[in-house]
Amino acid sequence: MELKRLVDGRLESIELQARQLQFSSKHRKGATNLQHVNIITKRLFPNNVSTKTPTLKVKMVAENLSLSGLTAFPLGNTIKSINATAQVIGELSWPSKIDGLRKWRDEGGVVEIEIADASYGPLHSEASGTISLDENLQVLAAVSAKVRGFSAAIDRLVESQVIEPNVAKLAIG
């Protein structure tokens, strides 16, 4: 893990890289394994912040997330890859507390998902969109996605009896 600070002590960026992680619990059998993850956050310090000004960028890359020993999932137990890049728009105070989130939201603060893509079994998805908060600070999302491998995924769900064949016909069209 690498932390970079500015001359005045403010945190500028964090980079976390890890390989061969394993997560387990004494309360359940099996483990979650992650071959590689890289998360980078970089605070931006613009002179003038508006409702269109990025103030934080985040990038995450994860490879081979394996959910072994839990159960057999119809599309497989490994997510091949997850990649995401996003930016926070508007000034969000750090550390962020409830009042800070409300102020950020009220001033037009959003999170822009520039790209989020994932590969799992036969599925590959690419998405982008915007996340904001409603009056109760609940997440609102508007996302556009392209998904490849949908028919093959539906076939696997039918084969494993997760969905009925007549439902699969409706899903495929």
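1. Which residue forms a salt bridge with Lys42, and how far apart are the closest N and O atoms? The model is a predicted one, and in it the partner is Glu12, with the closest N and O atoms 3.0 Å apart. Lys42 belongs to strand S3 and Glu12 to strand S2 (residues 11–25), so this pair ties together parts that are 30 residues apart in sequence. Lys42 counts as partly exposed, at 36% relative accessibility, and Glu12 is also partly exposed, at 21%.

2. The pairings around S4 are worth a look. Strand S3 (residues 28–43) meets strand S4 (residues 54–68) in the antiparallel sense over twelve bridges; here Ile40 stands opposite Lys59 in S4. S4 also pairs with S5, again in the antiparallel sense, over eleven bridges, and Leu65 stands opposite Ile79 in S5.

3. Leaving aside residues up to four places away in sequence, Ser66 touches Ala31, Thr32, Asn33, Asn77 and Thr78.

4. What about the loop between S3 and S4? Leu44 is found there, and this residue is partly exposed, with a relative accessible area of 24%. Its contacts, not counting residues up to four places away in sequence, are Pro54, Thr55, Leu56 and Lys57. The C-alpha atoms of Leu44 and Ser13 are separated by 9.0 Å, although the two residues are 31 residues apart along the chain.

5. Further along, strand S6 (residues 110–120) and strand S7 (residues 123–133) run antiparallel and are joined by eight bridges. Tyr120 has Leu123 in S7 as its bridge partner.

6. The structure holds six salt bridges, and one of them joins Arg102 to Asp99, with the closest N and O atoms 3.7 Å apart. Arg102 counts as partly exposed at 35% relative accessibility, whereas Asp99 counts as exposed at 61%.

7. Is Arg105 buried or exposed? At 17% relative accessibility, Arg105 counts as buried, because the cut-off for that label is under 20%. Its side chain meets that of Asp106 in a salt bridge (2.9 Å, N to O), and Asp106 is exposed, with a relative accessible area of 57%.

8. Met1, Leu3 and Leu16 make a nonpolar surface patch of about 330 Å², with Leu3 lying in strand S1 (residues 2–5). Ser151 has its place in helix H2 (residues 150–159) and counts as partly exposed at 38% relative accessibility. The C-alpha atoms of Ser151 and Lys169 are separated by 9.9 Å, the two being 18 residues apart along the chain.

Note on methods:
Residues are numbered from 1 along each chain as its sequence is written. This is a predicted model: local features need pLDDT of at least 70, side-chain atom pairs count only at pLDDT 80 or more; totals for chains, interfaces and linings use all residues. Side-chain values use heavy atoms; hydrogens and water are left out. Patches are made of residues with over 30% relative accessible area and no salt bridge: like charges are joined within 9 Å, nonpolar side chains (Val, Leu, Ile, Met, Phe, Trp, Tyr) within 5 Å. Accessible areas come from the Shrake-Rupley method with a 1.4 Å probe; for residues, only the protein chains shown count as cover. A salt bridge is a side-chain nitrogen of Lys or Arg within 4 Å of a carboxyl oxygen of Asp or Glu. Helices (H or I, at least four residues) and strands (E, at least two) are DSSP runs, numbered from the N terminus. Two strands pair if DSSP finds at least two bridges between them. Buried means under 20% relative accessible area, exposed over 50%, partly exposed in between (1.4 Å probe, protein chains only). Contact means heavy atoms within 4.5 Å.
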